[in-house]
Amino acid sequence: MKTTLTSLAVAASLLAAPVAHAADKMLLKTPIAFSTALPGLGSPIPRVAEQLDLMSGGTLKMKVYEPGKLVPPFEILDAVSSGKINSGYTTAGYWAGKIPAAPLFSAVPFGPEAGEYMAWLYYGNGMNLYQEMYDQAGFNVHVIPCAIIAPETSGWFANEINSPEDLNGLKMRFFGLGGEVMQKLGVATSLLPGGEIFPALEKGAIDATEFSMPAIDARLGFHKLVKYNYFPGWHQQATVFELMINKDVWNEASDQHKAIIENACKASMADSFAEGEAIQHAALLDNVENNGVQIKQWNDEMLSTFRATWEEVAAEQAANDEFFAKVLADMNEFRDGYAVWKENAFLPRK
């Protein structure tokens, strides 16, 4: 078990109140959107479940259900809100069709990297806006960020992409606001769960795909079918994953259980980020040396096109949805301030 989580568990056990009575026991039945076999994506939540049990002295447990075993991934929000289930682990970008602002709490094109994202969530207005988003949309859920990963790959393609024209007419699995950008560039996008992507590529239902980081994509076998892997992941420089708990269940929970859940998830943010960063280089090397993959960098024309198109999408989304505009303005204001620190404190990349 990672030091971060273990240390937190030990500290909590030493400081915890006396073990709760049976009436105070809590069981979170938690369907998840990502297989626990996917490192950094689905792997964090079983570790959280283990820590909840340990830190609570057995009074707080979580039973994790693999994707589709209890609730389909794209139905988790409605199921938690209605009380059909009392919790779920997913990412807010899946709810774009219900809540236009939701992708801003998942991954933003040319947006904040993991450290900046967490800074905005925890020490900016991010968390207040995150909960407000679900409240104003009428969903009866309490939301807690519970994992984060660093940049994803930009996509897997059967052929090289050298100009915006090369994208026109492609059928591609794509996530979130980046998918809106790709649509403007002539790509027919679809949002498929991870387990459905390889069969869709194999059957020709899609020509290309993006999903996650190299070590995660490796588990899904994209390299067997498409050999051009593009970087940087302009559409997802960081991705946040959420634990949603039915708000009635959350309100009835003890303060001790609430604190344990919140702190286990905050520890998981650090742990998932570290796990993701530790394993990507091996996957990249394996792809090149053993799988015949060509690692490609987007040229300046492509990156400029993606950025300019994203700015168009952002303006349109903000004009069409007041809450999207509110969140984006707050995030951009925070980022403007953060940029002063980033530009002075960090080494230049080139």
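Trainee: How many helices and strands are there in the protein?
Mentor: The protein has twelve helices and eleven strands. Keep in mind that this is a predicted model.

Trainee: What does the C-alpha trace span along its principal axes?
Mentor: About 65 × 45 × 45 Å.

Trainee: And what about the radius of gyration, next to that of a compact globule?
Mentor: The protein has 20 Å, and a compact globule of 350 residues would have a value near 20 Å, so the two agree.

Trainee: How much of the protein counts as buried?
Mentor: Of its 350 residues, 53% do. The accessible surface comes to about 15200 Å², and carbon and sulfur atoms account for 52% of that surface.

Trainee: What share of the contacts join residues at least 24 apart in sequence?
Mentor: The share is 77%, counted among contacts between residues at least 6 apart.

Trainee: Switching to helices. How do helix 2 and helix 10 pack?
Mentor: Two packed helices are described by an angle and a distance, both taken from their axes. For helix 2 (residues 44-56) and helix 10 (residues 255-290), the angle is about 145° and the axes are 9 Å apart.

Trainee: Is that crossing left-handed or right-handed?
Mentor: The crossing of helix 2 and helix 10 is right-handed.

Trainee: Which residues make the contact?
Mentor: Helix 2 brings P44, R47, V48, L52, M55 and S56. From helix 10 come H257, I260, I261, A264, S268, D271, S272 and E275. By type, the residues of this contact divide into seven nonpolar, four polar and three charged.

Trainee: Now the loops. Where is P232?
Mentor: P232 sits in the loop between strand 9 (228-231) and strand 10 (239-246).

Trainee: What about the phi of F110?
Mentor: The phi of F110 is positive, about 55°, although F110 is not a glycine. F110 belongs to the loop between strand 3 (87-90) and helix 4 (114-123).

Trainee: Is F110 buried or exposed?
Mentor: F110 has a relative accessible area of 16%. Buried means under 20%, so F110 counts as buried.

Trainee: One more. Where does S163 lie, and what is it in contact with?
Mentor: S163 lies in the loop between strand 5 (155-157) and strand 6 (171-173). Leaving aside neighbours within four places in sequence, S163 is in contact with E301 and M302. S163 is buried, with a relative accessible area of 16%.

Conventions: Residues are numbered from 1 along each chain as its sequence is written. This is a predicted model: local features need pLDDT of at least 70, side-chain atom pairs count only at pLDDT 80 or more; totals for chains, interfaces and linings use all residues. Side-chain values use heavy atoms; hydrogens and water are left out. Axes are lines fitted to C-alpha atoms, for helices over the stretch in contact, and angles run from 0 to 180 degrees between N-to-C directions. Helices (H or I, at least four residues) and strands (E, at least two) are DSSP runs, numbered from the N terminus. A crossing is left-handed if the near helix is turned anticlockwise from the far one by less than a right angle, and right-handed if clockwise. Contact means heavy atoms within 4.5 Å. Ala, Val, Leu, Ile, Met, Phe, Trp, Tyr, Cys and Pro count as nonpolar, Asp, Glu, Lys and Arg as charged, and the others, Gly among them, as polar. Buried means under 20% relative accessible area, exposed over 50%, partly exposed in between (1.4 Å probe, protein chains only). The radius of gyration is taken over C-alpha atoms; the globule rule is 2.2 Å times the number of residues to the power 0.38. Accessible areas come from the Shrake-Rupley method with a 1.4 Å probe; for residues, only the protein chains shown count as cover.
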